[in-house]
Every structure is written in C-alpha cells, then in structure tokens.
Amino acid sequence: MPKPALPTVLDAVFLAEVREVGQWPPEGPVEVAIAGRSNVGKSTLLNRLAGRRTLARVSKTPGRTRGIIFYDLTLRLPGASERFALRLVDLPGYGYAQVSRDERKAWQRLVEGYVKARSSLRLFLIVLDARRPPGEEELQLAEWLRSEHVPHHLVVTKTDKLRAAEHGSARSKARAAFGPDAPSVSLVSGETGEGVDALWALLVEATGLRDGAADPL
Ligand SMILES: Nc1nc2c(ncn2[C@@H]2O[C@H](COP(=O)(O)OP(=O)(O)OP(=O)(O)O)[C@@H](O)[C@H]2O)c(=O)[nH]1
Ligand SMILES: [Mg+2]
C-alpha cells in the first residue's frame with residue numbers, strides 16, 4: 001500500500017471558546033469535531049494531531065473543557081505547494097458523574113446547536129476509552145448523528161493502556177456495541193502518538209483536503 005500523504009502542521013492557534021448557542025465564530029475552514037466522555041483524552045488527541053503539546057488544556061480533573069473550543073490549523077500536504085486550513089473543534093466532555101441534569105441538557109443544547117449550525121463540519125469524531133465499552137451516551141450520539149446525516153467516526157484512545165493481546169480485539173469490540181450501522185474505528189494513543197498518522201490520513205480524506213475540494217489558503 002502506498003504511504004498516505006500526511007500533512008505537516010505549519011501553524012496551530014486558538015480561535016475561540018463558545019459557551020452559548022449562536023455565538024459561533026464565522027464559518028471558514030472545514031471543521032472536524034472531537035467529542036467524547038469527560039476525561040477520555042479529547043484534548044490530548046487534539047494536541048497530538050496539531051503536533052503541539054500545550055495547545056488544548058489537558059487535565060486530571062474531569063470536565064475541564066467547558067465550552068466548545070475552536071483551533072485553526074495551517075497545513076501543508078506533501079507535494080502540494082499551497083497551504084490548507086483545517087479547524088479542529090474540541091467539544092466539552094459528557095457523562096461526568098457530578099454533573100446535574102441541567103448541565104447535561106446544556107451540553108446537549110450546545111453540541112446539537114453546533115452540529116446543526118455548521119455547514120463546514122465535515123467529520124464528527126466520537127472518542128472512546130480503550131478500556132471501557134461504549135455506553136448509552138455514545139450509542140445515542142452515533143444514532144443522532146446518523147439521523148442528522150453527519151459523517152462520524154469512532155476513535156478508541158489510550159491504547160497504550162492495553163496489553164498487546166488486547167489490541168487485536170479492541171476495534172471489533174468497539175464496533176460490536178454499535179450494531180450493523182457501526183461507524184468505522186481508529187485506534188490511537190494520545191500519549192504515545194500510536195495510530196495518529198493513520199487518523200490524519202483519514203481526516204485528510206474525510207475533509208476533502210486531498211482532492212482539491214477544499215480551498216487552499
Ligand atoms: N495513558 C494515556 N493517558 C491519556 C491519553 N490521553 C489522555 N490521557 C490522560 O487522560 C487525562 C484526561 O485527558 P484530556 O485530554 O484532558 O481529556 P478530555 O477528554 O479532554 O477531558 P475533558 O476536557 O475534561 O472532557 C489526562 O490525565 C491525560 O494525560 C492516552 O492516550 N493514554
Ligand atoms: Mg478536554
């Protein structure tokens with residue numbers, strides 16, 4: 001198989017944090033949203049993708065990312081003379097035990113509002129912990145995204161926590177819970193960077209950066 005064309009991240013900057021529906025920054029570059037349970041490793045994965053250690057705040061305290069945070073990346077693809085723009089969107093975590101029903105509703109309102117508002121959203125990543133089976137939240141989220149016709153993909157992270165023998169079954173285990181319409185799955189570790197190149201290749205494909213569908217800068 002030919003090696004996938006991996007982008008070089010030339011620049012990665014914070015754009016905006018949004019806590020209210022409708023306060024979105026103007027649409028611009030194609031967007032990839034990163035969602036998942038609180039503390040699952042969304043911000044760590046985003047930093048890995050951006051190749052920046054401290055772009056998104058990572059925390060041992062669950063529920064640290066509160067609003068929707070937009071980051072603008074400038075990319076160069078191998079062989080291309082132009083630069084491309086891609087926006088990574090760090091969504092607040094859900095499922096944190098201490099959160100009230102009102103906060104849960106607020107999460108849903110914000111995330112659903114975002115998804116419905118953004119025509120530049122190209123792919124919605126649902127991040128799962130490799131050591132934990134998908135829960136009702138993930139299944140419902142995937143179901144809702146399907147009903148909204150939003151392309152989505154599962155990313156199983158923290159694979160560095162798995163024993164070697166568990167790696168092989170991690171993908172099929174994650175998919176099994178989602179039934180016949182299960183999204184595709186990538187295995188990654190935000191900690192070691194394992195699987196991140198393959199995920200980048202998928203993002204380039206899914207966002208149309210490769211075939212000229214996206215405007216170069
Ligand atoms: N071993 C391991 N730890 C990880 C990995 N990714 C994240 N972590 C750790 O998991 C904790 C939470 O990481 P975050 O990236 O802040 O998680 P998050 O999903 O953004 O959390 P919230 O914003 O609170 O929802 C931190 O202690 C990270 O160091 C990984 O791939 N492997
Ligand atoms: Mg976070």
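User: Is Lys-158 buried, partly exposed or exposed, and what is its relative accessibility?

Analyst: Start with the cut-offs: buried means under 20% relative accessible area, exposed means over 50%, and partly exposed is in between, using a 1.4 Å probe and protein chains only. At 22% relative accessibility, Lys-158 is partly exposed. Keep in mind that this is a predicted model, where local features need pLDDT of at least 70, side-chain atom pairs count only at pLDDT 80 or more, and totals for chains, interfaces and linings use all residues. Residues are numbered from 1 along each chain as written, and side-chain values use heavy atoms, with hydrogens and water left out.

User: Where does Lys-158 sit, and what is its phi?

Analyst: First the general idea: most residues other than glycine have a negative phi. Lys-158 has a positive phi of about 65 degrees, although it is not a glycine. You'll find Lys-158 in the loop between strand E6 (152–157) and helix H4 (164–176). Those labels are DSSP runs numbered from the N terminus: helices are H or I with at least four residues, strands are E with at least two. Asn-39 is another case, with a positive phi of about 75 degrees. Asn-39 lies in the loop between strand E2 (30–36) and helix H1 (42–50), and it is partly exposed at 37%.

User: How many helices and strands are there, and in what order do they run?

Analyst: The chain has five helices and seven strands. Reading from the N terminus, you get β-β-α-β-β-α-β-α-β-α-β-α.

User: What does the radius of gyration say about the chain?

Analyst: The idea is to compare the value, taken over C-alpha atoms, with a globule rule: 2.2 Å times the number of residues to the power 0.38. For 217 residues, a compact globule would come out near 17 Å, and the chain has 16 Å, which agrees. The C-alpha trace spans about 50 × 45 × 35 Å along its principal axes, and buried residues make up 47% of the chain.

User: Which residues does Thr-157 touch, leaving aside its neighbours within four places in sequence?

Analyst: A contact means heavy atoms within 4.5 Å. Thr-157 is in strand E6 and is buried, at 2%. With those neighbours left aside, its contacts include Val-40, Val-127, Asp-129 and Val-188. As for the whole chain, take contacts with a separation of 6 or more: residues 24 or more positions apart account for 75% of them.

User: How many aromatic pairs does a search of the whole structure find?

Analyst: Rings of Phe, Tyr and Trp (its six-membered ring) pair if their centres lie within 6.5 Å; planes under 30 degrees apart are stacked, over 60 edge-to-face, and the rest tilted. The search finds four pairs. One of them is Trp-24 with Tyr-114, edge-to-face at 5.9 Å centre to centre and 70 degrees between the planes. Trp-24 is in the loop between strand E1 (8–18) and E2, while Tyr-114 is in helix H2 (residues 101–117), so this pair ties together parts 90 residues apart in sequence. Both Trp-24 and Tyr-114 are buried.

User: Why is the pair of Tyr-94 and Trp-107 edge-to-face?

Analyst: Their planes stand at 70 degrees, with the ring centres 5.0 Å apart, so the pair is edge-to-face. Tyr-94 is in the loop between strand E4 (83–90) and H2, and Trp-107 is in helix H2, so parts 13 residues apart in sequence are tied together. Tyr-94 is buried at 6%, and Trp-107 is buried at 18%.

User: Which residues do ring pairs link into a cluster?

Analyst: The cluster consists of Trp-24, Phe-70 and Tyr-114.

Conventions. Chains lettered and ligands numbered in written order.
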